[in-house]
Amino acid sequence: MSYSYEGDGYAFDEDWEQTIEANNWSNIGIHAEQFLNKGSQLIDVIVKMTVSSQRGNVLDFIAFDLDVVSKEEFQDTSCATSFYQKTRMHVPYLYYLRSDLPIDWYLTSGQKFIEGKRVVAKSCNRCGRYLPINIDDELKTLSFSLHCKKQAPCVHSAFRAYKIQNRAHLRANELKGLTIEDSKVVSYYGHQLECKACKKFFVNAPLNPQRNAQQFKEDGLRRRAIEVLVNTLLDRNLIHFEFEHRTKKEFSRYIWEKFGRRCFKCGPDSDPIALGDMALDHTMPLAYLYRLDETATCLCSNHNSQKSDHFPVDYYSEEELVRLSKITGLSLTQLHKKEVNQQVLNLLIENVVWFYDAFLMQSDYQKVRDGIRTADKINDSLKRIIAGKVDLAEKYCKETGHYPHSVTIR
Ligand SMILES: [Zn+2]
Ligand SMILES: [Zn+2]
Ligand SMILES: [Zn+2]
């Protein structure tokens with residue numbers, strides 16, 4: 001790869017090689033980092049790709065593109081941490097280049113491509129791109145992770161069967177080898193609704209970059225919704241943004257350093273953990289409406305799963321609570337408490353009409369996932385923690401004269 005920038009020429013000629021597997025698809029891509037001054041541009045960009053193989057082999061291409069990575073969310077550093085984690089696994093989709101341009105677009109010689117293998121491309125719920133899935137060898141995933149890898153076959157309709165958008169233009173032989181049901185292509189393992197890149201940057205990462213994939217799968221959207229709810233009621237931004245804006249320091253790193261780079265539960269004599277392996281724990285549980293803030297605890301992912309929504313007093317020993325109080329600055333009295341965050345609950349009650357008619361009405365929360373409307377999940381989990389204190393739906397009803405439409409009243 002070579003390019004010119006502000007009058008200087010740059011060339012990256014590392015011996016970057018990748019062996020590709022025969023009879024399967026491979027993801028290929030490289031990037032170079034260049035600090036760009038505002039208003040300056042890279043010019044004369046050339047990417048050279050050399051393919052070596054034995055005579056007679058045929059190589060199929062799905063897509064090819066080169067460009068400056070210009071996705072809006074990448075203009076600042078908020079996605080940087082996730083970008084550098086397992087980057088290889090997400091190449092080339094994490095660049096958000098165009099994958100829908102005809103490959104002939106880039107041919108400089110007079111050569112022509114001949115028609116190759118059929119490819120199934122699936123649209124991502126978040127970025128809307130059509131990206132290839134490896135329908136003939138699903139375990140070797142391309143742009144989407146599988147939905148039910150261990151519990152195959154996937155039985156979740158939104159994840160397993162995909163409506164064919166260009167059915168009218170397809171010839172019979174192009175559907176060969178595919179399982180078709182009701183004019184939909186069926187996948188054995190099912191695929192996620194968002195592409196790997198969107199999952200990495202926008203579904204899993206922004207609220208809590210250090211939580212691991214498994215935890216996100218379990219309760220991701222509900223937890224994130226409650227985090228957003230609590231922040232909105234308190235009129236606050238995510239701690240990551242607030243903290244970084246205020247101190248110019250990375251929030252996760254701050255917590256990690258504060259705990260001596262060790263999992264608090266593993267203890268002061270344990271081995272340090274990598275920043276990327278830390279799970280940020282709320283200390284006082286999110287489920288009980290406590291916002292993630294500077295009092296967060298550094299845990300390893302195992303202990304974070306164990307702690308989950310427990311109150312500190314139900315998870316730590318007395319000796320640990322004393323130590324935790326010293327590090328976090330939370331008083332011992334606070335750490336012994338087992339109550340919902342009353343300040344936030346009061347705000348929720350005050351804003352109950354907004355909660356049902358605006359917050360839960362957002363299309364993302366009205367979506368049915370695995371047979372359950374997400375708004376119902378959020379509402380139920382709040383119901384559980386405030387049971388006996390207040391009935392939000394009744395409260396809403398008193399104010400408006402009817403029950404909310406955003407949740408299912410049983
Ligand atoms: Zn996507
Ligand atoms: Zn599934
Ligand atoms: Zn631990």
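Tutor: We shall take the overall chain, then the metal sites, then the helix contacts.

Student: What should I know before starting?

Tutor: This is a predicted model, in which local features need pLDDT of at least 70 and side-chain atom pairs count only at pLDDT 80 or more, while totals for chains, interfaces and linings use all residues. Residues are numbered from 1 along each chain as its sequence is written, chains are lettered from A and ligands numbered from 1 in the order in which they are written, and side-chain values use heavy atoms, leaving out hydrogens and water.

Student: How many helices and strands are in the protein chain?

Tutor: The protein chain has 16 helices and 12 strands. These are DSSP runs numbered from the N terminus: helices are H or I with at least four residues, and strands are E with at least two. The C-alpha trace spans about 75 × 55 × 40 Å along its principal axes.

Student: And what share of the residues is buried?

Tutor: Of the 410 residues, 40% are buried. Buried means under 20% relative accessible area, exposed over 50%, and partly exposed in between, with a 1.4 Å probe and protein chains only.

Student: Now the metals. Which residues are the protein donors of the zinc ion (ligand 2)?

Tutor: They are His147 (ND1), Cys148 (SG), Cys154 (SG) and His156 (ND1), at 2.0 to 2.3 Å from the zinc ion (ligand 2). Donors are N, O and S atoms within 2.8 Å of the metal (3.2 Å for Na, K and Ca); water is not among the atoms, so sites may look incomplete. Along the chain, the donors of this ion have the spacing H-C-x5-C-x1-H.

Student: What is the geometry of that site?

Tutor: The site of the zinc ion (ligand 2) is tetrahedral, with angles of 101 to 120° among its 4 donor atoms. Four donors count as tetrahedral if all angles lie between 85 and 135 degrees. The ideal angle for four tetrahedral donors is 109.5 degrees.

Student: Are Cys148 and His156 buried or partly exposed?

Tutor: Cysteine 148 is buried, at 5% relative accessible area, whereas histidine 156 is partly exposed, at 25%.

Student: What coordinates the zinc ion (ligand 3)?

Tutor: Cys263 (SG), Cys266 (SG), Cys300 (SG) and His303 (ND1) coordinate the zinc ion (ligand 3), at 1.9 to 2.3 Å. The angles of 102 to 116° among its 4 donor atoms make the arrangement tetrahedral. Cysteine 266 lies in the loop between α7 and β9 (278-281) and histidine 303 in helix α8 (residues 301-307), so the pair ties together parts that are 37 residues apart in sequence. Cysteine 266 is partly exposed, at 40% relative accessible area, and histidine 303 is buried, at 16%.

Student: What does tyrosine 315 contact, leaving aside neighbours within four places in sequence?

Tutor: With those neighbours left aside, tyrosine 315 is in contact (heavy atoms within 4.5 Å) with Lys265, His303, Gln306, Lys307, His310 and Glu320. Tyrosine 315 lies in helix α9 (residues 312-315) and counts as buried, at 13% relative accessibility.

Student: Lastly, at what angle do the axes of α6 and α7 cross?

Tutor: The axes of helix α6 (residues 239-247) and helix α7 (residues 251-258) cross at roughly 85° and come within 8 Å. Axes are lines fitted to C-alpha atoms, for helices over the stretch in contact, and angles run from 0 to 180 degrees between N-to-C directions. The two helices, α6 and α7, are therefore roughly perpendicular, a term that covers 65 to 115 degrees.

Student: Which residues of α6 and α7 meet?

Tutor: Ile239, His240, Phe243 and Glu244 of α6 meet Phe251, Ser252 and Tyr254 of α7.

Note on methods:
Angles under 35 degrees count as roughly parallel, over 145 as roughly antiparallel, 65 to 115 as roughly perpendicular and the rest as oblique. Four donors count as tetrahedral if all angles lie between 85 and 135 degrees; four count as square planar and six as octahedral if opposite donors are over 155 degrees apart and all others between 65 and 115; anything else is irregular.
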